[in-house]
Amino acid sequence: MARDTVGHTILVAGVLCVVCSVIVSGLAVGLRAQQVENRLAEKQKNILLAAGTYDESKPVADQFGNIESKLVDLETGTFVEDGSIDTATYDQRKAAADPALSIEIAGDDDLAGIKRREKYAFIYVVKDDAGNIDQFVLPIYGKGLWSTLYGFIAVDDDIQTVNGLTFYEHKETPGLGGEVDNPKWKALWPGKQLFNDSGTLAIEVIKGQVTANTSNAQHKVDGLTGATITARGVGNTLQYWLGDNGFGPFLENFRTGALQNG
Ligand SMILES: Cc1cc2nc3c(=O)[nH]c(=O)nc-3n(C[C@H](O)[C@H](O)[C@H](O)COP(=O)(O)O)c2cc1C
């Protein structure tokens with residue numbers, strides 16, 4: 001076949017396309033397991049960061065030894081242990097969009113701006129070396145300005161003290177909303193108190209800075225300069241997820257001792 005014909009050119013281009021697509025799809029399939037593993041390690045690292053126990057000199061998986069993931073029925077605030085959900089295959093992100101595994105959130109209740117939420121959520125129970133519960137790391141997500149922010153909040157076993165807050169996925173603007181990832185901002189969270197003396201959820205991201213004159217400063221965290229919308233989104237996300245429609249029933253069950261099998 002003559003090489004300088006239209007047919008030959010099309011043939012060569014076609015063969016090249018097929019070869020390239022086989023290579024690309026082969027790589028995509030071949031690297032999928034690695035990608036899943038990397039995503040899991042990243043998630044585990046963020047759970048440890050929220051808990052304040054991350055040690056970068058040690059493998060993440062080793063540090064996860066004292067952490068147990070448990071599935072919680074958000075409505076009842078109890079652990080799902082009857083086998084009705086296969087925890088090995090349960091995909092919380094997919095469940096949030098599945099009408100059978102999620103609920104629609106009424107407009108007024110939708111503080112996090114997520115429209116639906118899953119019925120069952122994994123929480124991470126952090127235990128000390130003696131096997132006693134130290135703290136809980138709870139997954140949270142909610143709308144900022146440009147995106148849904150996904151993260152974790154670590155709550156001490158007093159169900160009052162924040163041990164840390166991290167976000168592992170969002171598309172807020174670097175330098176503005178993206179400052180939620182700034183270690184200096186994250187350092188403002190440990191020690192903050194969730195509930196006021198009346199038992200009302202009082203944690204709040206304010207506009208501006210918490211100063212010596214700020215009233216009830218134990219519940220308040222500095223806003224993000226030039227990124228009030230993202231900062232407000234974080235505060236609203238916490239109000240939703242730590243409130244009655246989120247982990248509230250679970251936290252209440254643990255506080256009252258109704259749930260000690262963690
Ligand atoms: C290109 C661009 C990106 C922005 N990104 C963010 C953002 O990620 N988060 C945010 O809250 N505000 C962002 N803003 C600013 C908001 O539009 C808004 O002005 C700001 O949240 C108000 O906060 P302030 O009252 O602290 O200035 C962005 C603005 C521009 C022009």
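## The chain overall

Of the 262 residues in the protein chain, 42% count as buried (under 20% relative accessible area with a 1.4 Å probe, protein chains only; exposed is over 50%, partly exposed in between). This is a predicted model, where local features need pLDDT of at least 70 and side-chain atom pairs count only at pLDDT 80 or more, while totals for chains, interfaces and linings use all residues. Residues are numbered from 1 along each chain as its sequence is written, and side-chain values use heavy atoms, with hydrogens and water left out.

The protein chain has 7 helices and 10 strands (DSSP runs numbered from the N terminus: H or I of at least four residues for helices, E of at least two for strands). Its C-alpha trace spans about 90 × 45 × 45 Å along the principal axes.

β7 and β8 run antiparallel and are joined by 6 bridges (strands pair if DSSP finds at least two bridges between them). Ala-154 sits opposite Gly-164 in β8. As for cover, 6 of the 8 residues of β8 are buried.

The hairpin has 5 residues between its strands, and Ile-159 takes a positive phi near 55°.

## Gln-160 in the loop

Gln-160 lies in the loop between β7 (148-156) and β8 (162-169). With a relative accessible area of 19%, Gln-160 is buried.

Leaving aside neighbours within four places in sequence, Gln-160 is in contact (heavy atoms within 4.5 Å) with Val-155, Lys-192, Gln-193, Leu-194 and Phe-195. The side chain of Gln-160 also reaches the backbone nitrogen of Phe-195 at 2.7 Å.

Terms used: A polar contact is a pair of N or O atoms within 3.5 Å; within protein, one must be able to donate a hydrogen and the other to accept it, and residues adjacent in sequence count only if both atoms are side-chain atoms.
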